[in-house]
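Please read them with the coordinates open.

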Amino acid sequence: MNITVFCSAYSLDERYTLPAADFARLLGERGDTLVWGGSHAGLMGLLADGVKEAGGRLVGISVDLLAHKAYEGADELVSAPDLATRKALLLERADAVVVLVGGLGTLDEVTEVLELKKHALHDKPVVLLDTDGFYAGMRTQLERMETEGFLPRPLADLVVFATTPAEAFAALDQAR
Ligand SMILES: CC(C)=CCNc1ncnc2c1ncn2[C@@H]1O[C@H](COP(=O)(O)O)[C@@H](O)[C@H]1O
């Protein structure tokens, strides 16, 4: 299974890196392929290292302006000419999308994937791995959108929240 993962490009506290490393190990052990932003920076690099170490495949979708941050040792590395093309490729190459903790880049990516799903332009499972309650605020916001009529379909059809890596994979397997 090709799993596109969005996550922070920064080095973070252990309460985020340990579950991310756990997620990477499980992904690799399952024999899945990690599709990601192709960077060696921060959590993105840690994730790629963990997947590789556990025997998974790596497909990096980088972007020309960040070529100097590209991960060495991916099985496949593509460089998109711009960020919009990169986002399209990250989704195109996915059987499913998992979102780990991240900043504005991650938020931009997940929002686009959910907006496209809202319009039925794809129907790929999207799982938000809510490590240490990081996405509690986003969940509250999305639930308010659902309750007050801002969404055309149930929130649960758009995104599933998981609290542990094992739960995230269980959600993906159930959605297949
Ligand atoms: C200086 C530095 C840390 C460089 C980061 N270099 C990067 N290389 C590849 N993809 C990236 C990079 N920064 C952001 N992204 C994209 O945006 C997301 C991370 O942004 P953020 O840290 O959440 O906001 C990732 O999922 C990735 O697809």
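1. Which residues have the most contacts inside the largest nonpolar core? They are Ala 20, Leu 34, Leu 47, Val 98, Leu 100 and Val 127, in a core of 47 residues. Two of these residues, Val 98 and Val 127, come up again below.

2. On confidence: this is a predicted model. The protein chain has a mean pLDDT of 97, and 100% of its residues reach 70 or more. For the complex, the predictor gives an ipTM of 0.88 and a pTM of 0.96.

3. Strand 5 covers residues 96–99. Ala 96 and Val 98 point one way from the strand, while Val 97 and Val 99 point the other way. All four are buried, that is, each has 20 or more other C-beta atoms within 10 Å of its own.

4. Strand 5 pairs with strand 1 (residues 2–6) in the parallel sense, over four bridges. Within that pairing, Phe 6 stands opposite Val 99. Strand 5 is also joined to strand 6, by three bridges, and these two strands run parallel as well. Here Val 98 has Val 127 as its bridge partner.

5. Val 127 deserves a separate look. Apart from neighbours within four places in sequence, Val 127 is in contact with Val 98, Val 160, Ala 162, Ala 168, Ala 171 and Leu 172.

6. Most residues other than glycine have a negative phi. Ala 120, not a glycine, has a positive phi of about 60°. Ala 120 is in the loop between helix 4 (104–118) and strand 6 (126–129). Is Ala 120 buried or exposed? Ala 120 counts as exposed because it has 9 C-beta neighbours inside 10 Å, and the cut-off for exposed is 12 or fewer.

7. The second case is Asp 132, also a residue other than glycine, with a positive phi near 55°. Asp 132 is in the loop between strand 6 and helix 5 (136–147). With 12 other C-beta atoms within 10 Å, Asp 132 is exposed.

Terms used: Residues numbered from 1 in each chain as written. Predicted model: local features only at pLDDT ≥ 70, side-chain atom pairs only at ≥ 80, totals over all residues. Core = buried A, V, L, I, M, F, W, Y, C linked by C-beta atoms within 7 Å. Contact = placed C-beta atoms within 7 Å. pLDDT = per-residue confidence, 0-100. Pairing = 2+ DSSP bridges.
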